[in-house]
Amino acid sequence: MMKVDHKGWFGICPVYFGGLDTEAPLIVERHWVFVPLMRLSEFFYGLAFTVCGFINPAFEPEWPLKVTGEIEPREV
């Protein structure tokens with residue numbers, strides 16, 4: 001089990017975050033019904049990164065995460 005302590009968005013998917021101060025934060029869908037939204041967001045960001053990489057080979061992709069607030073720490 002891992003702890004989450006923030007909420008927010010990854011693309012069009014509502015998510016929980018854990019370990020935001022690390023290089024690889026935990027990102028979890030808020031509910032299992034949002035799994036398709038997570039996969040869709042990953043796909044479109046990956047596609048955008050690929051296109052940007054072809055246009056500019058020096059492009060460094062960064063996954064956009066929008067943190068909207070803190071939550072009571074819980075395990076997922």
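Helices (H or I, at least four residues) and strands (E, at least two) are DSSP runs, numbered from the N terminus. The model is predicted: local features need pLDDT of at least 70, side-chain atom pairs count only at pLDDT 80 or more, and totals for chains, interfaces and linings use all residues. Residues are numbered from 1 along each chain as its sequence is written, and side-chain values use heavy atoms, with hydrogens and water left out.

**Exercise 1. Determine which elements the chain contains and in what pattern they follow one another.**

Solution. Step one is the inventory: the chain has one helix and four strands. Step two is to read along the sequence, which gives the pattern β-β-β-α-β.

**Exercise 2. Describe the order and pairing of the strands in the sheet.**

Solution. Two strands pair if DSSP finds at least two bridges between them. By this criterion the four strands form an open sheet in the order β3-β2-β1-β4, with antiparallel pairing. The edges are β3 (26–29) and β4 (66–75), each of which pairs on one side only. On average, neighbouring strands of this sheet are turned by 35° against each other, direction ignored; axes are lines fitted to C-alpha atoms, for helices over the stretch in contact, and angles run from 0 to 180 degrees between N-to-C directions. K7 has Y16 in β2 as its bridge partner.

**Exercise 3. Locate helix α1 relative to the strands.**

Solution. Helix α1 comprises residues 35–55 and lies across β1, β2 and β3. Its direction is at about 90° to β2. Contact here means heavy atoms within 4.5 Å.

**Exercise 4. Identify the salt bridge and state how its two residues are placed.**

Solution. A salt bridge requires a side-chain nitrogen of Lys or Arg within 4 Å of a carboxyl oxygen of Asp or Glu. By this rule the count is one. The side chains of E42 and R39 form a salt bridge, at 3.4 Å from N to O. Because E42 and R39 are three residues apart in helix α1, about one helical turn separates them.

**Exercise 5. Classify E42, R39 and I55 as buried, partly exposed or exposed.**

Solution. Buried means under 20% relative accessible area, exposed over 50%, and partly exposed in between (1.4 Å probe, protein chains only). E42 has 34% relative accessibility, so E42 is partly exposed. R39, at 45%, is likewise partly exposed. I55 lies in helix α1 and, at 69%, counts as exposed. For the chain of 76 residues, 22% count as buried.
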